Amino acid sequence: LLAAVTCVLLIACFNLANLMLTRSTARTREFAVRIALGAGRGRIVRQVLTEAVALGLMGGAAGLALAVWTARALATHAPRADSLLPPGTMPIDPVVFGFTFAVAVLTGGIVGLLPALRGTRSEVTDDLKDATRSATAGRGHGRFRAALVAAEVSLSLVLLVAAGLLIRSLTHLYDVEPGVRVDHTLTMSVSLPVTRYPSPVKRSEWFTELGDRLQAVPGVRSAGLTSCPPLVGTCNVLFFYVEGRPYTPGKFLSAEEKSVDPRYFTAAGIPLLRGRWFTHADGVGPDPQHPRLGKIVISQAMAKAFFDGEDPIGKRVFFDFEVQRERLQGIPAPRYEIVGIVGDVVPSLEAPIRPSLYRPLLDLGSNGATILVHTAVEPLSAASSITHAIHSLDSGVPVAQVRTMDDLVGRSTSDRRFTLSLFVGFAALAVVLAAIGLYGVVSYAVSQRIAEIGVRMALGATGADVTRLVVMQGLRPAVAGVGAGIIAAFFAVRLLRTLLFGVTPLDPLTFAIVPPALLAVAALACYVPALRAVRLDPTRALRAG
């Protein structure tokens, strides 16, 4: 983002330099008269510099008002906006604004210095002789202005390519199949006070009763409980061993773990591929010294990763943390039998599918859980009825984080969308500035070639011929800028590698679309001055020349 801001600043500098250079060229004769009357070149340079600094000061002042409005808008729509800009705080940091304001003023002075020196370097006698014609820029001035325009177009193309890659990434992200139901699904979290529910058995009984009551709520199709809501990233990882395979302590397998109740898979829309889901009877039991054979359900990715070519159903695993507990506390490490295989669920939209396993939530006696409800109505409209069902069991149980699955998906992509909006804004601003700069150069060139255009039209040149002449002249620096921008983009977009999803930094489609689109904008910027040239009266044009 800092690089994007720098690109926009450079483009603005190039535009200002073009403006100052064109203005100093138009005032060449004025400078010559002043020098002839005794004014020193240093004094004229100071005058031009003062004008440039004044532009910087006015731009900084206008930028303050725009920055306050923009900062508030960005902070409002930014992820975790409350922590980014707490209520009552200033949207602009004084130190940051002081630095940027100083940069604006300094930039105005530096950008105005070169045109000031060039405008006072010509010979006084030659400038005074040119009393009957408009002051025109030499080839050196024209090439310099064209180089500035080419640089603007080049930087604009880099930002456009970056924005295009981020748009493609976000599109691919929304195409990801999460593996769980998103529509008509509501989530909320509950936590039991340990003082009122000190026993794991009591907590499990409460959650069992809650599941039954949620099923009876009007508008609820299915409801399940889980230790961690889907699509929020990795919640827990367990290290395990497979019974019957060579056992070496410390050389374990790993999988992501969630604890769920028997109705969770139906509520989440996770398909059963083989075997069965949990029942209320599954679990190692309440006596840790005499555990029963536990049950687990694994994902398809876990079956392929650790049981490729085998039938996982009926295989037994045991967990490393329980092996360590057995060694230290003497509590036997239970074995868990795989009873089912379900479809894969991505940890988040950006993360790849990983091996995962599910344990019975009710067997663990947890004091907190996330409720996942699939509704027949609009999810949030059922929130009050669901909350009432929870409080009918215990009015003191807090209900928090009431969100739809659509909201969870939006939160998982919020950082990318915010970054994308910034890049698109910078790219759009860069293109507008580049188009303005190109328009200014071509428009100035037309004003300097009025006599030539009048001669061409008097000799029979058509409006299409003049339009083609003006547009092609303006497109030369744009084409050069696009060529240089493509080369720069090849290297610059590699910095975006960590922000891209499902697309490579050198995405052919993006590089195929952006350059022609930018050239089309450049052609439009050249076409407007060309229309003015076509409307010239040849007789008046010849008199002006």
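Among contacts between residues at least 6 apart in sequence, what percentage join residues at least 24 apart? In this chain the figure is 82%, where contact means heavy atoms within 4.5 Å.

## The model and its overall make-up

This is a predicted model, in which local features need pLDDT of at least 70 and side-chain atom pairs count only at pLDDT 80 or more, while totals for chains, interfaces and linings use all residues. Residues are numbered from 1 along each chain as its sequence is written, and side-chain values use heavy atoms, with hydrogens and water left out.

Let's start with the whole chain. Its secondary structure comes to 19 helices and 11 strands; these are DSSP runs numbered from the N terminus, with helices being H or I of at least four residues and strands being E of at least two. Of the 545 residues, 44% are buried. Here buried means under 20% relative accessible area, exposed means over 50%, and partly exposed lies in between (1.4 Å probe, protein chains only). The chain exposes about 26800 Å², and carbon and sulfur atoms supply 63% of that area. Accessible areas come from the Shrake-Rupley method with a 1.4 Å probe, and for residues only the protein chains shown count as cover.

## Salt bridges

A search of the whole structure finds 14 salt bridges, each being a side-chain nitrogen of Lys or Arg within 4 Å of a carboxyl oxygen of Asp or Glu. One of them pairs Arg 196 with Asp 394, with 3.2 Å between the closest N and O atoms. The pair links distant parts of the chain, 198 residues apart: Arg 196 sits in the loop between strand 1 (185–191) and helix 8 (200–215), and Asp 394 in the loop between helix 13 (383–393) and strand 11 (399–404). Arg 196 is partly exposed at 46% relative accessible area, whereas Asp 394 counts as buried at 11%.

Another salt bridge joins Glu 310 and Arg 245, at 3.1 Å from N to O. Glu 310 lies in the loop between helix 10 (300–306) and strand 7 (316–319), and Arg 245 in the loop between strand 3 (237–242) and strand 4 (253–260), so this pair ties together parts that are 65 residues apart in sequence. Glu 310 also meets Lys 315 in a salt bridge, here at 3.2 Å from N to O.

Which residue is buried yet has no salt bridge? That is Asp 320, which lies in helix 11 (residues 320–329). The nearest side chain of opposite charge is Arg 327, 8.3 Å away; Lys and Arg count as positive and Asp and Glu as negative, while His and the chain ends are not counted.

Asp 320 does have a polar partner: its side chain makes a polar contact with the side chain of Tyr 241, at 2.6 Å. A polar contact is a pair of N or O atoms within 3.5 Å; within protein, one must be able to donate a hydrogen and the other to accept it, and residues adjacent in sequence count only if both atoms are side-chain atoms. Not counting residues up to four places away in sequence, Asp 320 touches Phe 239, Phe 240, Tyr 241 and Phe 252.

## Thr 185 in strand 1

Thr 185 lies in strand 1 and is buried, with a relative accessible area of 1%. A polar atom of its side chain lies 2.9 Å from the backbone oxygen of Asp 183. Leaving aside neighbours within four places in sequence, Thr 185 is in contact with Leu 372, Val 373, His 374, Pro 379, Arg 403, Thr 404 and Met 405.

Helix 15 (residues 414–448) holds Tyr 439, which is partly exposed at 35% relative accessible area. Helix 18 (residues 508–534) supplies the largest share of the patch, three residues.

Leu 422 is also found in helix 15, and is buried at 14% relative accessible area. Its C-alpha atom is separated by 9.7 Å from that of Val 5, a residue 417 places away along the chain.
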